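Please open the model in your viewer and keep the sequence panel beside it. The stops below are arranged so that each selection can be made and inspected before moving to the next.

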Amino acid sequence: MIRKADPCVLVIFGASGDLTARKLIPALYEMYILGNLPEAFRVLGVSRRAKSDAQWRDELAASVREYATRWDAVRWQEFSKCIEYFPGDAAQGEMYRALADRMAAMDASAGTRGNRLFYLSVAPELYESIVQRIDEAALVTEGRRWCSIDASTRSWQRIIVEKPFGHDEESAASLNRALGRVFEEEDIYRIDHYLGKEVVQAMLVLRFANTMFEPVWNHRYIDHVQITASEKVGVGNRTGFYDQTGAIRDMIQSHLLQIFAFAAMEPPTSISAEEIRTEKIKVVRALRPTTDADVPSHGVLGQYAASAEEGAFVDLPGVAKGSTTETFAALKLHVDNWRWAGTPFYLRTGKRMAAKRTEVVVQFKRPAADLFHDIPHAAGGVRGNRLVIEIAPMQRTLLRFETKVPGMPLRMDSVEMQADLEKQFGVAAIEAYGPLLVDAMRGDQSLYKHRIEVESGWAAVMPFLDQRSVGLRRGMASNYAQGSWGPAAADDLMRRDGRAWHDD
Ligand SMILES: NC(=O)c1ccc[n+]([C@@H]2O[C@H](COP(=O)([O-])OP(=O)(O)OC[C@H]3O[C@@H](n4cnc5c(N)ncnc54)[C@H](OP(=O)(O)O)[C@@H]3O)[C@@H](O)[C@H]2O)c1
């Protein structure tokens, strides 16, 4: 049975920010409408600028109307009563006494039982100091695992940490240490909203609730796997941020490696958070370190050139002159374990590409013996089966297989079976943040990242980020056309291996 969300106060540091307005509050409102929030629930937003509860609620009403998938003024009125604002500088210790009093008052009036869910929705530079202030103010009272108080009656304090989680392996480890000094690992929720997206859970169900996939889900039958997250949009007005970040940090280290983990992990013994995480950690740890010598043949970085609609990335205001920040990245990774030895995973992401697409493509090998080599085939010959788990632009699962064309003489072609999940079930995807927030209130970490996953993820991409990647960045400026599938070198990366991207 799925555990219900516990009563709690959600404390959002960064209340007046973009993420809170566009994602967090609309997602919470959706969860309220769907009946997924606990009955005793309060939101306390913290940021420096002065405003009243009523002012903040009015601002949020406008963004919920714009960003939530549904709007009902009456339901918003009901929901917004649980939202309050607390002006203060979270980097300074002084405000925490008053913050604690305010939360205690909420416990008394709403029955939130001392349970706290802190959400760090501020600039990453503030994470460590806020965690330290929380500790100094003794806001973490949760008994440790070995505490004798019954877990069902004692209050809990958990923390959700936004991405980016560090900017390299070292800084991620440092942040993990800072968090670990104050919170138990089981109370640290490193959020990756991609894990709230349907693709991850769809993969779990597809792989482990069907008997037809798992037996062939290995190097004997699978030639390679492609994970793509491409966007048609450019970097918008977040140029300064993006110039510091780039495609590997923004997408591959975080989101795509998580999708990879779900696609590549061993079957967990149950779908509990602990078991799933154990398997994810194992597979991320099994990633073969990319050597200096491998970097040029295993990675392609690119930057988009000018088009009629938008200037080149390097020419955008806010981007450093001559910047070599990548807006496109394609990496080839190997997993050194029995399941995947010899079957590479290709991860690709980019801005201003031909289409918005998020998908996992599982390319099976061709049959060991081709009985039909002299039979006409519309595609020129028998192809390996292909399974596509698509999350954007549509939620679909597609399976390509070989078939006989009706009639005489014997001719062959490939056909694709398609399950359009939204059409089939008449339900649209919901904003990923909502279910993730509810999971944190339920104490379910299965869709959150463990410390080791984060650090191993950084270790896997570091060779493509640091000075060893100089060769990849040399002459990179403006090297792929907007609206294309990225630099020609990305196609070469596949061609050298006798493969091609799924771009049709
Ligand atoms: N926006 C997104 O779509 C998105 C997506 C993924 C991850 N993230 C991550 O989420 C975090 C927030 O992003 P954002 O886009 O919402 O940033 P933002 O719009 O710049 O908001 C930052 C918030 O922090 C508050 N703040 C700054 N210093 C503070 C302090 N000393 N004490 C209390 N509040 C303080 C600001 O309000 P005051 O100035 O009033 O204090 C503001 O509310 C970042 O780490 C970002 O990387 C954002």
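Helices (H or I, at least four residues) and strands (E, at least two) are taken here as DSSP runs, numbered from the N terminus. This is a predicted model, in which local features need pLDDT of at least 70 and side-chain atom pairs count only at pLDDT 80 or more, while totals for chains, interfaces and linings use all residues. Residues are numbered from 1 along each chain as its sequence is written, and side-chain values use heavy atoms, with hydrogens and water left out.

**The whole protein**

Begin with a cartoon of the protein, which has 15 helices and 14 strands. Its C-alpha atoms fill a box of roughly 80 × 55 × 45 Å along the principal axes. The radius of gyration, taken over C-alpha atoms, can be set against a globule rule of 2.2 Å times the number of residues to the power 0.38. For 504 residues a compact globule would have a value near 23 Å, and the protein, at 24 Å, agrees with this.

Switch to a surface next: the protein exposes about 22,500 Å², of which carbon and sulfur atoms supply 53%, the areas coming from the Shrake-Rupley method with a 1.4 Å probe and, for residues, with only the protein chains shown counting as cover. Buried residues make up 55% of the 504 residues, where buried means under 20% relative accessible area, exposed means over 50%, and partly exposed lies in between (1.4 Å probe, protein chains only). Contact means heavy atoms within 4.5 Å; of the contacts with a separation of 6 or more, 76% are between residues 24 or more positions apart.

**The ligand and its shell**

Of the 22 residues around the ligand, Asp 18, Arg 48, Arg 49, Asp 89 and Val 122 come nearest. By class, this shell has 9 nonpolar, 6 polar and 7 charged residues, with Ala, Val, Leu, Ile, Met, Phe, Trp, Tyr, Cys and Pro counted as nonpolar, Asp, Glu, Lys and Arg as charged, and the others, Gly among them, as polar. Helix α1 (residues 18–33) gives the most to the shell, with 3 residues.

Now display atom-to-atom distances. A nitrogen atom of the ligand is 2.7 Å from an N or O atom in the side chain of Asp 18, and an oxygen atom of the ligand is 2.7 Å from an N or O atom in the side chain of Arg 48. At Gly 17, a polar backbone atom is 2.8 Å from an oxygen atom of the ligand. Taken alone the ligand exposes 880 Å², and the protein buries 81% of that.

**Gly 45 in strand β2**

Move to strand β2 (residues 41–47) and select Gly 45, which counts as buried because its relative accessibility is 0%. The C-alpha atom of Gly 45 is separated by 4.7 Å from that of Tyr 85, 40 residues apart along the chain. Leaving aside neighbours within four places in sequence, Gly 45 is in contact with Ile 12, Ala 15, Trp 56, Glu 84, Tyr 85 and Phe 86.

**Helix α5**

Select helix α5 (residues 127–136), whose buried residues are Tyr 127, Ser 129, Ile 130, Val 131, Arg 133 and Ile 134. The buried residues of α5 pack against β1 (8–13), α4 (95–110), β4 (116–120), β5 (157–161) and α6 (169–182). Just after α5, Ala 138 takes a positive phi of about 55°.

**Backbone geometry in the loops**

Most residues other than glycine have a negative phi, and most peptide bonds are trans. Arg 113, in the loop between α4 and β4, has a positive phi of about 60° and counts as partly exposed because its relative accessibility is 49%. Arg 352, in the loop between β10 (345–350) and β11 (357–364), has a positive phi of about 55° and is buried, with a relative accessible area of 15%.

For cis peptide bonds, select Lys 163 and Pro 164, joined with an omega of about 5°; Pro 164 is in the loop between β5 and α6. A cis peptide bond with an omega of about 5° also joins Ala 392 and Pro 393, and Pro 393 is in the loop between β12 (386–392) and β13 (396–405).

**Last stop: His 502**

Which residue's side chain makes a polar contact with the side chain of His 502? The partner is Glu 359, at 2.8 Å; a polar contact is a pair of N or O atoms within 3.5 Å, and within protein one must be able to donate a hydrogen and the other to accept it, residues adjacent in sequence counting only if both atoms are side-chain atoms. His 502 is in the segment after α15 (488–496) and is buried, with a relative accessible area of 9%.

How values were computed
Near = heavy atom within 4 Å.
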